[in-house]
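Welcome! Here is a short tour for someone meeting this structure for the first time. Have a look at it, then read on.

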Amino acid sequence: MQFTLPMTAVRRGAAVAVATLLLAGCVHPITMITETAPPRSQAHLVPKKVAYVMTDADRDLEVVTPGGSGDRVSYYPYRDLEKSIRDALRAVYRDVVVLRTAGDAKANETAGVSLVFAPRIRTESSSSSWISWPPTSFIAEVSCVVTDAAGAEVTRVRAAGNGTAEFGEFKGDFGLAARRAATRLTSQLSSEIRRDEKLR
């Protein structure tokens with residue numbers, strides 16, 4: 001005996017399937033890496049060697065946030081923003097190195113490191129477009145606990161960058177809003193470090 005579903009049930013099932021696909025959306029990879037760096041004047045650099053902490057686990061952390069048309073974007077905030085953090089520090093200090101861990105006071109002392117910056121990164125993205133997936137708005141924030149070579153907290157610094165891009169600007173550069181956010185983040189971070197007397 002053949003059983004046939006009513007057309008209303010078929011339509012309802014198809015609508016649910018389409019809605020599920022739309023809600024799931026696609027995940028598109030983008031990058032936040034920017035080539036723009038704050039100016040570095042040798043005459044005005046603080047004569048210190050500082051370090052920032054970036055572990056392999058940090059670099060391998062993938063984040064997925066909203067894009068447009070129900071889709072999402074994926075990226076690696078620590079890996080992508082490492083250059084921005086390093087550029088911000090190099091705009092202020094004479095020498096900048098990277099550490100895999102912040103807790104080795106003896107190694108810090110041997111290396112001549114005065115300050116250690118441990119960054120934590122937060123990102124947000126969104127889009128005003130219903131027809132294209134690249135985010136038109138992107139926010140990147142970094143908060144750094146700064147310690148001395150022995151691991152005692154000296155101060156904390158925070159910086160944020162907001163980037164926007166319109167549909168007509170992308171031209172294949174789908175991470176444009178993210179890269180603009182990274183550029184502003186870099187500039188603000190170097191300014192905040194210069195402003196803090198404890199970091200001179």
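**A sheet and a network of charges**

T65 has V73 in strand 4 as its bridge partner. The model is a predicted one, in which local features need pLDDT of at least 70 and side-chain atom pairs count only at pLDDT 80 or more, while totals for chains, interfaces and linings use all residues. Residues are numbered from 1 along each chain as its sequence is written, and side-chain values use heavy atoms, leaving out hydrogens and water.

**The sheet**

- Strand 3 and strand 4 (residues 72–75) run antiparallel and are joined by four bridges; strands here are DSSP runs of E with at least two residues, and helices are runs of H or I with at least four, numbered from the N terminus.
- The open sheet has three strands in the order 1-4-3, with mixed pairing, where two strands pair if DSSP finds at least two bridges between them.
- From one strand to the next, the twist averages 35°, with axes taken as lines fitted to C-alpha atoms and angles running from 0 to 180 degrees between N-to-C directions.

**The salt bridges**

- Side chains of opposite charge can pair when their charged atoms come close.
- The count is 13 salt bridges, each being a side-chain nitrogen of Lys or Arg within 4 Å of a carboxyl oxygen of Asp or Glu.
- A network of salt bridges links D56, R59, E82 and R100.
- D56 and R59 form a salt bridge at 3.3 Å, N to O; both sit in helix 2 (residues 56–59), three residues apart, about one turn of the helix.
- R100 also forms a salt bridge with D56, with the closest N and O atoms 2.9 Å apart. This pair links distant parts of the chain, 44 residues apart: R100 is in the loop between strand 5 (93–99) and helix 4 (105–111), and D56 is in helix 2.
- E82 and R59 meet in a salt bridge as well (2.9 Å, N to O). E82 belongs to helix 3 (residues 77–90) and R59 to helix 2, so this pair ties together parts 23 residues apart in sequence.

**Buried or exposed?**

- R59 is buried, at 19% relative accessible area, and E82 is buried too, at 11%; buried means under 20%, exposed over 50%, and partly exposed in between (1.4 Å probe, protein chains only).
- D56 is partly exposed, at 42%, and R100 is exposed, at 59%.
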